[in-house]
Amino acid sequence: IQGIIDHLGYVRDLGATAIYLNPVFSSPSNHKYYTSDYLKIDPAFGTNELFQKLVHECHEKKMRIVIDGVFNHTGTEHWAFQDIVKKGDKSKYVGWYNIYSFPVSLPPGKPNYECWWNFGRLPKLMVENPEVKAHLFDVTRYWTNMGIDGWRLDVPNEIPHSFWVEWRSLVKSLNPQCYIVGEIWDDATPWLKGDQFDAVMNYQFRNACLDYFCRGTTSPSQFAERLARTRSAYPDEV
C-alpha cells in the first residue's frame, strides 16, 4: 500500500482516475481470496491506518479507490471456520457454513462441507444466515465509511439476488455515489435492473474481442453482431 501511495503521482499522470485493488483483506494465500479476516488489511500489504491514508491521498489527487468484496466464501483460516474446526458442532458459528459431518476434514483431505467449486480451502458462507449477513454488512459499512469509492464483487451470481438488493440499499445509504460492479460472466441482465449492481465486468465484450482480434474465430460481421447484442441487452446507464 505504501508503494501505491509513493507512486500515485505517476499513476495519475498516466491518466488513471481510479484504482481497483484485488483482495486486500487478511489471507494466507498470495492472491488473498482465502479471507481470514474481512476487517483487517493483510500484513503483507500494510495496515488499516495505511489503507485509510491511501484513500485520503487518492481523493487529494481526484482519484478513486475500488476494492474487492469476496463474500461468497472465506478461507479455512477465517476465525469463524477455525472455531468450528476446534469446537466441532459445539461452535456457535456452525450455522455460518454448511458442514456435512464432524470433525471437519481440512485439505488435503476431502472436504466434508460445502465449498466453492469443491475447493476445500474455500468454504462457502451461508449469507442468508442472519448472523452472517449482519457480519458482512458490518464489513461493508466499515470500509465504505472509510471512504472507498466502489466495490467489485467476486462470484456474486452464487449469492441470492435478495442479498444484493439489501446490500445495495446499505451501500447507497452510506454513499450514494459508491460504485458497485459485479463479476458476472454471462448475461447480467438480472443484476442490472437498478436494484443491485451499477455495472458488471463485461466478459461478453472481452470474449467477443478475444475471438475476433486474437483467436480469429469470428468474422467482422459476427463481431459487430455480438457487440450489438450486448448493447441491446443492457440499459444505456450500465
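The model is predicted. Strands E5 and E6 run parallel to each other, and strand E7 pairs with E6 in the parallel sense as well. The largest pocket has a volume of about 280 Å³, and the structure holds 0 disulfides.

- Strand E5 covers residues 150-153 and strand E6 covers residues 179-182, with 4 bridges joining the two.
- Within this pairing, Leu153 stands opposite Gly182 of E6.
- The chain passes from E5 to E6 by way of helix H6 (residues 161-174), and this β-α-β crossover is right-handed.
- Strand E7, residues 199-200, is linked to E6 by 2 bridges.
- Gly182 has Val200 as its bridge partner in E7.

**The largest pocket**

- A total of 17 residues line the largest pocket.
- Nearest the centre of this pocket lie Trp116, Asp154, Val155, Glu183 and Trp185.
- The lining comprises 9 nonpolar, 3 polar and 5 charged residues.

**Cysteines**

- The count of disulfides in the structure is 0, and Cys58 takes part in none; the nearest cysteine sulfur belongs to Cys178, 14 Å away.
- Cys58 has a relative accessible area of 0% and is therefore buried.
- For Cys209, the closest cysteine sulfur is that of Cys214, at 8.4 Å, which is too far for a bond, because a disulfide requires two cysteine sulfur atoms within 2.5 Å.
- Cys209 is likewise buried, with a relative accessible area of 17%, because buried means under 20%.

How values were computed:
Residues are numbered from 1 along each chain as its sequence is written. This is a predicted model: local features need pLDDT of at least 70, side-chain atom pairs count only at pLDDT 80 or more; totals for chains, interfaces and linings use all residues. Side-chain values use heavy atoms; hydrogens and water are left out. Two strands pair if DSSP finds at least two bridges between them. A crossover is right-handed if, with the strands pointing away from the viewer, the path from the first strand over the helix to the second runs clockwise. On a 1 Å grid over the protein atoms alone, a cavity is a set of points where a 1.4 Å probe fits but cannot get out, and a pocket is an open set with protein on both sides within 12 Å along at least five of seven lines; lining residues have an atom within 4 Å of a point. Grid points are joined across faces, edges and corners, and a volume is the space filled by probe spheres set on the points. Ala, Val, Leu, Ile, Met, Phe, Trp, Tyr, Cys and Pro count as nonpolar, Asp, Glu, Lys and Arg as charged, and the others, Gly among them, as polar. Buried means under 20% relative accessible area, exposed over 50%, partly exposed in between (1.4 Å probe, protein chains only).
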